[in-house]
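The sequence and the structure are shown first.

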Amino acid sequence: MSLPVLGLDHVSVSFPVYHGGSRSLKKSLLSRGSAGRIARDANDRITIDALRDVSFSLDSGDRLALIGANGAGKTTLLRVMAGIYEPMAGIVTVHGRISPMFDIGLGIDADLSGYDNIRLRGLLLGLSSGEIDQLLPGIAEFTELGDYLDMPVRTYSSGMTLRLTFAVATCFEPEILLMDEWILAGDAHFMDRAQARIDSFVQKASVLVLASHNLEVCRRWCNKGLWLQQGQIRSFGEIASVIESYRASAI
């Protein structure tokens, strides 16, 4: 029996709240509907439970959509799977190389040129210098940034930075692809060119995890869904069923 490519076993993540008076802060948080997510750690600090007892596994070929309202824990879950956040409890098991595409600024140094940032980001994604040199012409061509690649990234617009980040992140075949919906925010011309590249990238990935509010994109790209609410799993399973449950809860 083959092992899951990606698995979480009773994973919980909490963040301490360092600022503000404990009593007034807790009252404020409670008034905003955060009841049940507030706790205290061993040092009597207020903490927010970002994820609570999350367990699921994904096999090769699975495409998982993370669904839920803002603050449900989707981005935190992506960062746990990427190894950026360490769980307070539970175990994350990964078999394969993680390819994160959920932070447009990851690995970008505004004082370096576009070309230097391509090399830097490639190294952060686990590519060798030789692999980066081979991929560099294709990455540069896709960005359509031309001479701007010789200029500091601080001179770029947000759209230009998106092109640069996207081109590097999709320059090699992934194993486990983690995506946030910023990738869907490009201008029309960019998205027309990027759509085929995204589709090809998704098809080559062993596992895809996509966090998005666009339920139609989730339905089109994914075969499984995970509905998070206040850091806990409300539903996990076939994508159409999870979307139906999520929509019904909003009625």
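A residue is called buried when its relative accessible area is under 20%, exposed when it is over 50%, and partly exposed in between, with a 1.4 Å probe and protein chains only. The model is a predicted one, in which local features need pLDDT of at least 70 and side-chain atom pairs count only at pLDDT 80 or more, while totals for chains, interfaces and linings use all residues. Residues are numbered from 1 along each chain as its sequence is written, and side-chain values use heavy atoms, with hydrogens and water left out.

**Overall features**

The protein contains eight helices and ten strands; these are DSSP runs numbered from the N terminus, helices being H or I with at least four residues and strands E with at least two. Of its 251 residues, 45% are buried.

A contact requires heavy atoms within 4.5 Å. Where contacts join residues at least 6 apart in sequence, 71% of them link residues at least 24 apart.

Confidence is given as pLDDT, the predictor's value for each residue from 0 to 100. Its mean over the protein is 84, and 84% of the residues reach 70 or more. Over residues 30–36, pLDDT stays under 50, and the model has seven contacts beyond four places in sequence for this segment.

**Helix 6**

Helix 6 comprises 17 residues, 188–204, and spans 24 Å from its first C-alpha to its last, close to the 24 Å expected at 1.5 Å a residue. The expected span is 1.5 Å times one less than the number of residues. A kink of about 40° is centred on alanine 194, where the bend is the angle between axes fitted to the seven residues ending at a position and the seven starting there. Ala194 is also one of the buried residues of helix 6, together with Phe190, Met191, Ile198, Phe201 and Val202.

**Residues with positive phi**

Most residues other than glycine have a negative phi. Histidine 10, in strand 1 (residues 6–16), has a positive phi near 55°. Glutamine 230 has a positive phi near 50° and lies in the loop between strand 9 (224–229) and strand 10 (232–238).

| Residue | Relative accessibility | Class |
|---|---|---|
| Histidine 10 | 46% | partly exposed |
| Glutamine 230 | 29% | partly exposed |
| Leucine 127 | 7% | buried |
| Cysteine 218 | 0% | buried |
| Cysteine 222 | 6% | buried |

**Leucine 127**

Leucine 127 occupies the loop between helix 3 (114–124) and helix 4 (129–143). Beyond its neighbours within four places in sequence, leucine 127 contacts Arg97, Gly122, Ile132, Leu135, Cys171 and Phe172. Leucine 127 and phenylalanine 172 are separated by 45 residues in sequence, yet their C-alpha atoms are 9.0 Å apart.

**Cysteines**

How many disulfides does the model contain? A disulfide is a pair of cysteine sulfur atoms within 2.5 Å, and by this rule the count is zero. The cysteine sulfur closest to that of cysteine 218 belongs to cysteine 222 and is 5.5 Å away, too far for a bond. Cysteine 222 is likewise in no disulfide, its nearest cysteine sulfur being that of cysteine 218.
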